[in-house]
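Take a moment to look over the model below.

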Amino acid sequence: MSDGARPAPGQRTPESAARGAVVIGGGLAGITAALALADAGVRVTLLEGRPRLGGLAFSFQRGELTVDNGQHVYLRCCTAYRWFLDRIEGAALAPLQDRLDVPVVDLAKPEGRRLGRLRRDPLPVPLHLGRSLAAYPHLSLAERASVGRAALALKGLDLADPTLDTQDFGSWLAAHGQSARAIEALWDLVGVATLNAVAGECSLGLAAMVFKTGLLSDPGAADIGWAHVPLGELHDRLARRALDSAGVRTEVRSRVTSVSAMENGGWRVEVPGERIETDAVVLAVPQREAYELLPPGALDAPERLLEIGTAPILNVHVVYDRKVLARPFFAALGTPVQWVFDRTHASGLRSGQYLALSQSAAQDDIDLPVAELRARYIPELEKLVPGTRGAVIEDFFVTRERTATFAPTPGVGRLRPGARTKASGLYLAGAWTATGWPATMESAVRSGVSAADAALRALGRPRPSRLFAFEEAA
């Protein structure tokens with residue numbers, strides 16, 4: 001049958017004769033592609049194997065708590081994700097800071113002298129960070145000066161230079177006078193959270209893109225935003241409402257088993273109990289799943305998708321019987337703890353306080369038993385957050401995303417395909433595709449826009465005016 005309405009076998013309605021598309025995958029990339037296509041008048045079916053939308057940015061219930069699988073943040077420079085929030089009418093639920101302000105606690109220092117801050121002033125780049133860097137207590141005066149010189153050198157890199165992707169960021173930093181302490185206390189503090197890799201294991205091209213865009217493009221580019229409600233409220237409930245309003249047929253628990261080209265130039269998508277015939281298909285699934293579904297000849301070297309590595313993220317969740325932390329979040333140094341967020345209000349917790357520890361590049365911890373993780377992280381929290389000492393732990397649990405992101409290793413750029421394939425009418429989307437960004441919510445949304453743009457051109461449909469407009473070609 002055709003996608004969209006469900007005529008009886010053999011019946012053909014005027015609606016089913018219209019141009020249609022199937023989007024496979026209900027993460028941010030797939031939701032974006034489906035909305036963009038539907039806004040252009042294409043009849044869209046969105047198929048998601050899980051029982052909910054949102055991909056790897058989702059929520060679940062644990063007793064009375066609504067828990068995010070992991071802490072997700074975005075920056076003011078994430079213009080595509082901000083468009084997405086506007087499109088699903090969720091921007092007010094995930095506000096941005098008025099001005100970048102990151103508390104950084106260094107456990108190696110005596111109590112009372114552990115807190116530093118990374119914040120910006122209302123000045124042009126690079127002066128907006130000058131005062132903060134000059135006063136940053138976690139680096140020596142010489143290290144602060146060297147960071148400024150490295151930042152200027154980074155600003156001068158050409159992101160279009162393909163050789164940047166072959167180099168690692170750590171070696172570049174060392175060659176530009178950055179000490180191991182400067183890398184730990186500044187470059188990795190930001191880079192591990194955004195890239196999910198330490199500097200020595202990260203492509204210089206991707207790292208340069210993050211720092212140039214986030215810290216060296218616009219004074220407010222690095223202001224941080226995060227959901228003040230469960231992620232499921234945004235990426236499932238509001239997204240589904242937007243899809244319904246756009247006329248998208250959304251099916252969850254519908255795992256696609258095959259995608260094949262038809263002789264008439266269309267496509268056939270099979271799910272258990274249903275065969276859908278359509279004009280275009282967007283594969284918005286992880287790279288390994290895309291590899292399994294790609295028909296022969298769709299990519300010149302499909303095995304390259306399997307060469308794109310993955311990196312884990314671990315989240316440690318602790319519920320205390322009382323309020324133990326006054327600030328909404330902080331970053332940490334001198335401890336295995338990376339970032340700590342207060343999730344009390346968002347989770348619906350009525351008493352006490354709920355802290356979530358977001359641990360990126362967590363290869364060493366991702367498979368440890370819960371008891372070992374508790375023994376590892378609770379004492380660290382007691383050192384970092386004095387209010388936890390003596391507080392009763394009401395609940396402790398962990399969430400693990402073993403393949404949370406693609407690994408941003410040197411050379412990964414040549415492995416990331418664009419939206420178009422060699423098969424007419426078949427397109428790719430996902431944060432792992434060639435967006436120019438690391439594996440972020442921003443990259444996912446941009447990929448969905450790119451796939452929809454390519455499909456709309458092939459279908460002869462005009463680009464909807466409300467669709468996110470790229471500042472430059474991705």
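## A strand and its sheet

In this predicted model, strand S16 (residues 339–342) pairs with S17 in the antiparallel sense, over four bridges.

S16 has another partner in strand S15 (residues 329–333). These two pair in the antiparallel sense over three bridges. Phe329 stands opposite Phe341 in S16.

The table collects these pairings.

| Strands | Sense | Bridges |
|---|---|---|
| S16 and S17 | antiparallel | four bridges |
| S15 and S16 | antiparallel | three bridges |

Now place them in the sheet. Seven strands form an open sheet in the order S7-S6-S15-S16-S17-S14-S18, and the pairing is mixed. Strand S7 (115–119) and strand S18 (393–406) are the edge strands, as each pairs on one side only. From one strand to the next, the twist averages 25 degrees.

Is S17 mostly covered or mostly open? It is mostly covered: eight of its eight residues are buried. In a regular strand the side chains alternate between the two faces of the sheet. Both faces of S17 are covered. On one side, Gln353, Leu355, Leu357 and Gln359 are buried. On the other, Tyr354, Ala356, Ser358 and Ser360 are buried.

Helix H12 (residues 370–384) lies across strand S6 (101–106), S14, S15, S16, S17 and S18. H12 runs at about 105 degrees to S18.

## Residues in loops

Ala361 lies in the loop between S17 and H12. Ala361 has a positive phi of about 50 degrees, although it is not a glycine. Its relative accessibility is 22%, so Ala361 counts as partly exposed. The cut-off for buried is under 20%.

Asn196 also has a positive phi, near 60 degrees, and is a residue other than glycine. Asn196 sits in the loop between helix H6 (180–195) and helix H7 (204–215). At 3% relative accessibility, Asn196 counts as buried.

Pro126 is found in the loop between S7 and helix H3 (130–135). The peptide bond from Val125 to Pro126 is cis, with omega near 0 degrees.

Val256 carries a note from a record: an unreviewed UniProt entry has the annotation "binding site" covering Val256. Where is Val256 found? It is in the loop between strand S9 (249–251) and strand S10 (258–261). At 10% relative accessibility, Val256 counts as buried. Leaving aside neighbours within four places in sequence, Val256 is in contact with Ile24, Leu47, Val269, Glu270, Val271 and Leu293.

## The whole protein

The protein has 13 helices and 19 strands. Its radius of gyration is 23 Å, close to the 23 Å that the globule rule gives for 474 residues, so it is as compact as a globular protein of that length. The C-alpha trace spans about 75 × 50 × 40 Å along its principal axes.

Of the 474 residues, 56% count as buried. The accessible surface comes to about 19700 Å², and 52% of it belongs to carbon and sulfur atoms. Among contacts between residues at least 6 apart in sequence, 69% join residues at least 24 apart.

Note on methods
Residues numbered from 1 in each chain as written. Predicted model: local features only at pLDDT ≥ 70, side-chain atom pairs only at ≥ 80, totals over all residues. Heavy atoms only, no water. Buried < 20%, exposed > 50% of the residue type's maximum accessible area, 1.4 Å probe, protein only. Pairing = 2+ DSSP bridges. UniProt positions renumbered as here; feature names shortened; annotations may be inferred. Contact = heavy atoms within 4.5 Å. Axes fitted to C-alpha atoms, helices over the stretch in contact; angles between N-to-C directions. Rg over C-alpha atoms; globule rule 2.2 N^0.38 Å. Areas by Shrake-Rupley, 256 points an atom, 1.4 Å probe, with all protein chains shown as cover.
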